[in-house]
Amino acid sequence: MTRKTLIVVIYLFSSFVLNAQENNNQISLNADDLIPALFSSDANTFNLVYRRKISDKKHLRLGFKYFYEEENEIRIGLKPGIDFLFKKADKWKFSYGVDAAFIHTNSYTSERKYYEFAAIPFLRAEFFFSNSFSISTEPGFFLRLTEIKDVDNSPIDNSNSILSSGLSGIGFVKFNISF
């Protein structure tokens, strides 16, 4: 049994075991990280998101990103946020919210360091298979400032700042475990 299959089996099993209790915590994993043949995501997607229920209609969120490729780059990120429930219907919940993202990338090949700061308002649609297992998607809009620091010791400094915006999370699916 492969590692990804084992993770999916544990994920599904825990959804039935934890079904009887009140769920104030939620862990979300990208579907692409578990089943890449069926789902897609991009380099801007956070690998792991933790949500904590603080009231019936409000959740605090914290996302984590980590990527390492030997002799190429390392990327780490943190994404705090908040979301608010605005509609609940049978097995569906719909929320809106905003995240702030802080990402550091050290590119060894280009000898540059990238510091990204972003605000990401989003809508969340979540479908519950049980009280403990759900899938969700969070399409949104981002506004990002990227600071580029040139660290290659050449006489030409290629440091720069870039302001960008666009759509985020379109079509990306997350598997969620609530506990």
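**Figure 1. Overall secondary structure of the predicted model.** Helices of at least four residues and strands of at least two are taken as DSSP runs and numbered from the N terminus. The model is predicted. On this basis the protein chain has two helices and 10 strands. Read from the N terminus, the order of elements is α-β-α-β-β-β-β-β-β-β-β-β. The protein chain has 179 residues, of which 35% are buried. Of the contacts between residues at least 6 apart in sequence, 55% join residues at least 24 apart.

**Figure 2. Close-up of the largest pocket and its lining.** The volume of the largest pocket is about 490 Å³. Its lining consists of 23 residues, and those closest to the pocket centre are Asn23, Lys53, Lys88, Lys93 and Phe128. At least two lining residues come from each of strand E1 (25-30), E2, strand E4 (73-89), strand E5 (92-107) and strand E6 (112-128). By residue class, the lining has three nonpolar, 10 polar and 10 charged members.

**Figure 3. Surroundings of Lys53.** Lys53 belongs to strand E2, which covers residues 48-55. Beyond its neighbours within four places in sequence, Lys53 contacts Glu22, Asn23, Asn24, Lys58 and His59. The C-alpha atoms of Lys53 and Asp83 are 9.6 Å apart, with a separation of 30 residues in sequence.

**Figure 4. Surroundings of His59.** His59 is located in strand E3. Its relative accessibility is 15%, so His59 counts as buried. With residues up to four places away in sequence left out, His59 touches Arg51, Arg52, Lys53, Ile54, Gly81, Ile82 and Asp83. His59 and Ser95 are 36 residues apart along the chain, and 9.7 Å separates their C-alpha atoms.

**Figure 5. Aromatic rings and a lysine over a ring face.** The model contains eight aromatic pairs, counted for ring centres within 6.5 Å. A cluster linked by ring pairs is made up of Trp92, Phe94, Phe127, Phe129, Phe133 and Phe175. A further view shows Phe46, with Lys65 over the face of its ring. The distance from Lys65 to the ring centre of Phe46 is 5.0 Å.

**Figure 6. Two loop residues with positive phi.** Glu71 is not a glycine, yet its phi is positive, at about 60 degrees. Glu71 sits in the loop between strand E3 (58-69) and E4. The relative accessibility of Glu71 is 65%, so this residue counts as exposed. Asp90, also a residue other than glycine, has a positive phi near 50 degrees. The loop between E4 and E5 holds Asp90. With a relative accessibility of 81%, Asp90 counts as exposed, because the limit for that class is over 50%.

Key. Residues are numbered from 1 along each chain as its sequence is written. This is a predicted model: local features need pLDDT of at least 70, side-chain atom pairs count only at pLDDT 80 or more; totals for chains, interfaces and linings use all residues. Side-chain values use heavy atoms; hydrogens and water are left out. Contact means heavy atoms within 4.5 Å. On a 1 Å grid over the protein atoms alone, a cavity is a set of points where a 1.4 Å probe fits but cannot get out, and a pocket is an open set with protein on both sides within 12 Å along at least five of seven lines; lining residues have an atom within 4 Å of a point. Grid points are joined across faces, edges and corners, and a volume is the space filled by probe spheres set on the points. Ala, Val, Leu, Ile, Met, Phe, Trp, Tyr, Cys and Pro count as nonpolar, Asp, Glu, Lys and Arg as charged, and the others, Gly among them, as polar. Rings of Phe, Tyr and Trp (its six-membered ring) pair if their centres lie within 6.5 Å; planes under 30 degrees apart count as stacked, over 60 as edge-to-face and the rest as tilted. A charge sits over a ring if NZ of Lys or CZ of Arg is within 6 Å of the ring centre and within 35 degrees of the ring normal. Buried means under 20% relative accessible area, exposed over 50%, partly exposed in between (1.4 Å probe, protein chains only).
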